[in-house]
Each structure stands twice: as C-alpha cells, then as structure tokens.
Amino acid sequence: MACVLEAPLRMSVLSEVTASSRHYVDRLFDLDPQKVLQGVIDMKNAVIGNNKQKANLIVLGAVPRLLYLLQQETSSTELRTECAVVLGSLAMGTENNVKSLLDCHIIPALLQGLLSPDLKFIEACLRCLRTIFISPVTPEDLLYTDTSVISHLMALLSRSRYTQEYICQIFSHCCKGPDHQTILFNHGAVQNIAHLLVSTSYKVRMQALKCFSVLAFENPQVSMTLVNVSVDGELLPQIFVKMLQRDKPIEMQLTSAKCLAYRTTLRVSLAFLSIIEVDLEDSSLTSMCRAGAIRTDDPCIVLKTLPCLVRMCSKDRLLEERVEGAETLAYLIETDVELQRMASITDHLIVMLADYFKYPSSVSAITDIKRLDHDLKHAHELRQAAFKLYASLGANDEDIRKKIIETENMMDRIVNGLSESSIKVRLAAVRCLHSLSRSVQQLRTSFQDHAVWKPLMKVLQNAPNEILVVASSTLCNLLLEFSPSKEPILESGAIELLCSLTQSENLALRVNGIWALMHIDHIMSTHGKQIMQAVTLILEGEHNIEVKEQTLCILANIADGTTAKELIMTNDDILQKIKYYMSHSNAKLQLAAMFCISNLIWNEEEGSQERQDKLRDMGIVDILHKLSQSSDPNLCDKAKTALQQYLA
C-alpha cells in the first residue's frame with residue numbers, strides 16, 4: 001500500500017515546489033515597479049543555499065527577465081542591484097546553472113553595468129562576474145574580447161575594497177598563459193595592484209597576492225618588473241618575504257612562496273634531458289636557463305621560500321596545502337642542482353613525501369560518500385604532487401636518486417603509477433621514472449629488478465602526446481648500450497614503435513624517436529629513409545635553437561655509423577644543411593654541425609678520402625679555415641682538428 005501512495009505524494013510535493021517557483025517568476029512581470037522589486041528581494045531570499053530552487057527558477061525563465069530588468073534604464077538602481085545579486089546567487093549553484101547564465105549572454109550585460117555611476121550596483125555586478133569567471137565552465141577569453149574592459153576594471157580598482165577584491169579575483173582566475181599576462185601587464189596590472197598588498201583588508205591582500213602569482217608565472221617581463229616595484233618604500237620581494245613568516249595564514253605563506261618561486265623558466269623539451277651522459281650544468285648539448293628576476297642563491301629563496309614550501313609538505317598540513325606545497329617546490333627546484341640538494345636534506349623531505357602514497361589509509365572504513373569522493377580526489381592529487389617533486393629532486397644528483405629509490409616501496413609505487421586511471425598521476429609517474437632513469441647504476445639494478453620497461457612499453461602503446469614525450473625520453477635511457485633492458489625492449493617491438501614516432505607531427509616525439517634509434521647501421525639500413533626525412537623536416541622548420549642543435553647531434557650520431565655515413569653523403573640536401581649551419585650565427589649550431597663533418601671525414605675509416613673530396617668540392621674546407629680563426633675556443637679547436645684529418 002505504501003508503494004501505491006509514494007508516487008502521488010512525490011508528485012504533489014514537486015507540484016508545490018514548481019508552483020512556488022512559478023510564483024517568483026510571475027512577480028517579475030508585475031506592472032508595479034515596487035512589487036517587482038519586492039519580488040526580486042523575495043526571490044533572493046528563496047534561492048540562498050537552495051540549489052533545487054535555483055534550478056527551478058532557471059528552467060522557468062527567470063534569467064532573461066532578470067537580465068532585462070538589470071539593463072533597463074527605467075529600472076531603479078535598487079532594482080538593478082538586487083537583480084545582479086540574484087543572478088550572482090544563481091551562479092553559485094551548479095556548473096549547469098553557470099552554463100545557462102552564459103547562454104543568456106550574462107557577461108556583456110554585467111560588463112555594461114560596470115559603467116554605472118552607482119558603486120553598490122557596480123559591486124553587485126562585479127561579485128556576480130567574479131562568481132561566473134571562477135567557474136571552470138567559463139572561457140577565460142570572454143574577459144579579453146574587448147580590451148577596453150580591462151582598462152575600465154583597472155580604473156575601478158580604486159573605488160572600494162570590494163571592487164579590489166572582486167577584480168583581483170577575476171584577474172587571477174582569468175590569467176591563463178602569456179597572452180593574458182601580456183594584456184594585463186600592458187594595462188598596468190603590476191602598478192595598479194601592487195599597493196593592494198598592504199591593504200587593511202586580508203581578502204584584498206590575498207587576492208592581490210594571487211594575481212601576482214599568476215602574472216609572474218614563467219614570465220620574464222613581469223618578473224623583472226616586480227623586483228623593482230616598491231610600495232611605501234618597500235620592494236615587492238621584501239613584502240613577499242614578510243608574507244612567508246610563520247605567523248601569517250598558511251594560504252598567504254603558500255601564495256607568497258609561489259610569487260618568489262615563479263621566476264621565469266626557459267625550458268627545453270623533456271626530450272633533451274634523456275641522454276644520461278649529458279652534464280646538465282655545462283653541456284653544449286643541453287641548454288637549460290633559468291633567467292630569474294631573483295637569483296636561486298638569494299637568501300629569500302634559500303632561507304625563506306624553500307623552507308616554507310618544505311613545511312607545507314608535512315603531515316600536519318591540510319591535504320590541499322600539502323599538494324600545493326609539493327607542486328610549487330617541484331617547480332622551484334626543477335632546474336637548479338643546489339636547490340635540489342638543499343631541499344633533499346631539509347626536514348627529511350624524501351621520507352616525508354612517502355606519506356603522500358599512504359592516503360587514504362582505508363577506503364573501506366569511509367562510509368560517508370562525500371568524504372570518500374573528497375579523499376579519493378586528494379589521494380590522486382597527493383600522488384601526482386609527490387611524483388612531481390621526486391622527479392625534480394632526482395633530476396641531477398646521483399645520491400638523491402639513490403635515496404629516492406631506496407624509499408619504502410618506491411619502484412613499486414612508480415610502476416603502479418604508470419597504470420593509474422588519472423592521466424595526471426600517470427604523467428607525473430612517468431616524469432619521476434624519467435628523472436631516475438638518468439642513473440646508470442639504477443638502470444642496471446632497480447630498473448632491471450622491477451622490469452620497468454614492461455609497463456613503460458604499455459604506456460607507449462596508447463597515451464596522450466604529453467605522456468608519450470616523457471615516456472619516449474625515458475625509453476631512450478633504457479635503450480643505451482649499458483642498459484640490461486635494451487635487448488628485451490628491442491625484442492618486444494620497440495623499433496617499429498620508435499620508427500612510427502619519427503613520423504609524428506609532434507616535434508618532441510620525432511626527436512625522441514630518432515634519439516632512441518642509436519644502433520645505427522642496422523637501423524639506418526632498414527629505416528634510414530624515414531629517419532632522414534624526419535631530420536630534414538626539423539632542420540627546415542621554424543624551430544628553436546635547442547631543437548635544431550639536438551637534431552644536428554642526432555645527425556652526427558648517424559654520421560658515426562660505418563654504412564650509415566653513405567645515407568648522408570648521398571643526400572645533397574642534408575649536406576647543404578650541414579654546410580649552412582656551419583656558418584650559422586649561433587655557435588651551438590655551428591659546433592653541432594662540426595660534429596657531423598668530423599665524423600664524416602675521419603680518415604681512419606673506410607671511404608674517408610672520397611668523402612673528404614666531395615666535402616672539399618662543396619666548400620667545407622674553406623669554412624673550416626674560417627672557423628679555425630674563430631674567437632670561440634670550442635669552434636676554433638674543432639675546426640683545427642677537422643683540418644688535420646685533411647692533412648693526415
């Protein structure tokens with residue numbers, strides 16, 4: 001009998017809710033402006049904290065009417081303000097609510113409202129805009145369709161602490177990448193926001209701080225400007241350091257640490273970190289430059305920022321803080337050997353990070369579904385952050401790598417991470433594996449003991465390009481002559497896979513595929529045409545210096561093969577490119593091209609006389625004579641050595 005009554009009862013309740021919602025919408029169309037205002041106020045009170053009511057009102061068409069009233073000049077300022085407040089409340093519901101508001105073109109209406117002289121109405125519009133822009137479903141570019149909007153927002157910063165808080169929050173959420181950074185910077189973001197760091201309002205200070213953390217991220221122009229800006233006689237870095245103090249809220253400590261850590265980074269592709277013998281500090285094969293506005297040995301980095309971030313990784317911090325702390329620290333130390341060594345011995349960080357993999361301790365013990373979702377989400381984020389930080393810690397130092405691998409069940413955790421459901425965790429695990437694979441000792445021991453190559457090959461079979469780039473870089477290391485994994489990898493079909501990478505549209509994958517194919521004569525005899533085609537495309541393309549340098553080094557390796565030399569010598573297009581790069585304005589490219597020539601003309605190898613004669617006819621000897629007078633000692637020495645091959 002209960003089952004028979006249940007459905008009509010639910011229908012009755014639903015009808016009442018719908019009728020109630022309809023009543024709110026109907027009142028928006030009353031002819032009496034005062035009744036309309038009261039109806040909007042009642043609607044505001046009804047939707048607070050009630051997502052079902054918000055959804056009902058949206059379905060019943062409340063949004064277009066509210067936007068109409070908000071934009072009408074005949075509407076009173078009070079009514080327009082209340083409409084903006086209700087729309088903001090609707091936006092605080094689900095993502096579908098925000099999508100519905102965007103479909104009704106709410107952003108242009110609110111931006112138009114910012115032209116009003118009434119401050120309360122402006123604040124209500126900004127509050128609603130803030131709520132919409134912080135939603136993940138809102139495209140950030142909507143803020144930049146008209147640059148006059150940015151100028152107007154900058155002007156509104158001085159109106160009140162609420163305009164400051166909301167506008168800074170909008171900027172920090174909508175600044176995604178160099179294009180957005182440039183627009184904000186060119187509109188005076190640094191100068192307009194700097195003084196807000198000393199506001200009496202904590203919320204304003206925090207939002208201003210967050211703005212600077214996104215503006216300075218990998219941006220040399222902003223970073224160099226920040227260090228020279230002062231507020232009340234204090235430079236911004238000094239203000240950031242003060243905000244790192246332990247008596248400040250954790251959120252403030254973390255964000256100020258980001259501002260100091262996010263100096264500009266000029267990275268080369270992970271592909272170029274793959275060869276173990278490369279000395280990352282001074283090798284001509286790998287160019288890594290962290291042209292920071294603040295030196296990495298500056299006391300504010302060494303004594304303040306780094307220790308602060310390590311503290312954020314400890315057990316007593318909130319899960320979100322531990323994730324953010326580890327990821328920011330990973331970024332800070334990523335390319336600096338001394339910071340890596342310092343971090344590794346601070347507060348037992350390497351052991352501390354092992355706890356990131358122990359959460360949640362027992363899924364079965366969690367009965368609350370919401371808590372379970374929360375904990376599982378953070379479990380993924382913790383593992384991702386730990387892998388990232390381990391990757392940065394072990395990037396250069398053999399002793400650190402050894403400590404990482406000796407950490408409790410570390411190799412098992414990495415192997416498991418390679419098959420995680422979360423793409424971000426898989427990518428971080430591959431990065432960690434790649435970092436550790438630079439160790440010759442570990443390749444011969446831990447990597448072999450755990451047969452790491454097997455899950456790595458599975459990753460390479462079907463993965464997004466972002467993961468493929470790092471995984472193929474790791475494979476390069478596992479295929480080096482002294483690696484015990486080389487033979488089983490080749491037997492598992494790696495050659496076909498690597499040859500397919502050389503045809504990829506992704507430049508880093510092409511380079512990695514060619515790098516990995518280092519057993520030269522056999523590979524070139526079977527796949528030489530495809531490899532040479534890939535090399536030609538890279539050398540002809542509009543790529544940066546580092547990419548072309550690495551490609552020429554690959555060509556030099558090919559030129560070292562006994563029979564592979566002929567593939568170069570019979571390819572006039574390639575020979576002309578080598579000649580061109582020997583006379584290039586960049587010394588690194590010249591030197592890389594010289595390695596090719598040296599391997600081709602080495603007189604102890606069969607056929608050297610014929611190769612020397614052909615290259616002489618092309619004018620290579622004349623270029624060598626010029627380079628032997630170069631002011632660059634490396635070029636000079638290499639040219640003289642090559643000339644001696646002609647004289648021998």
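His348 sits in the loop between helix H19 (337-344) and helix H20 (349-354) of this predicted model. Helices (H or I, at least four residues) and strands (E, at least two) are DSSP runs, numbered from the N terminus. His348 has a positive phi of about 55°, although it is not a glycine. The residue counts as exposed, at 65% relative accessibility. Here buried means under 20% relative accessible area, exposed means over 50%, and partly exposed lies in between (1.4 Å probe, protein chains only).

The model is predicted: local features need pLDDT of at least 70, side-chain atom pairs count only at pLDDT 80 or more, and totals for chains, interfaces and linings use all residues. Residues are numbered from 1 along each chain as its sequence is written, and side-chain values use heavy atoms, with hydrogens and water left out.

A further loop joins helix H22 (398-405) and helix H23 (410-417), and Thr407 is found there. Thr407 is buried, with a relative accessible area of 9%. Its contacts (heavy atoms within 4.5 Å) include Ile350, Ala354 and Tyr390, not counting residues up to four places away in sequence. Asn409 lies in the loop between H22 and H23 as well. Asn409 is not a glycine, yet has a positive phi of about 55°. Asn409 is partly exposed, with a relative accessible area of 45%.

Two packed helices are described by the angle between their axes and the distance between the axes. The axes of H27 (residues 453-461) and H28 (residues 465-478) come within 9 Å and cross at roughly 145°. Axes are lines fitted to C-alpha atoms, for helices over the stretch in contact, and angles run from 0 to 180 degrees between N-to-C directions. From H27, Trp453, Leu456, Met457, Val459 and Leu460 take part; they meet Ile467, Leu468, Ala471, Ser472, Thr474, Leu475 and Leu478 in H28. By class, this contact has ten nonpolar, two polar and no charged residues. Ala, Val, Leu, Ile, Met, Phe, Trp, Tyr, Cys and Pro count as nonpolar, Asp, Glu, Lys and Arg as charged, and the others, Gly among them, as polar.

The protein chain has 39 helices and two strands. Of its 648 residues, 55% are buried. Among contacts between residues at least 6 apart in sequence, 68% join residues at least 24 apart.
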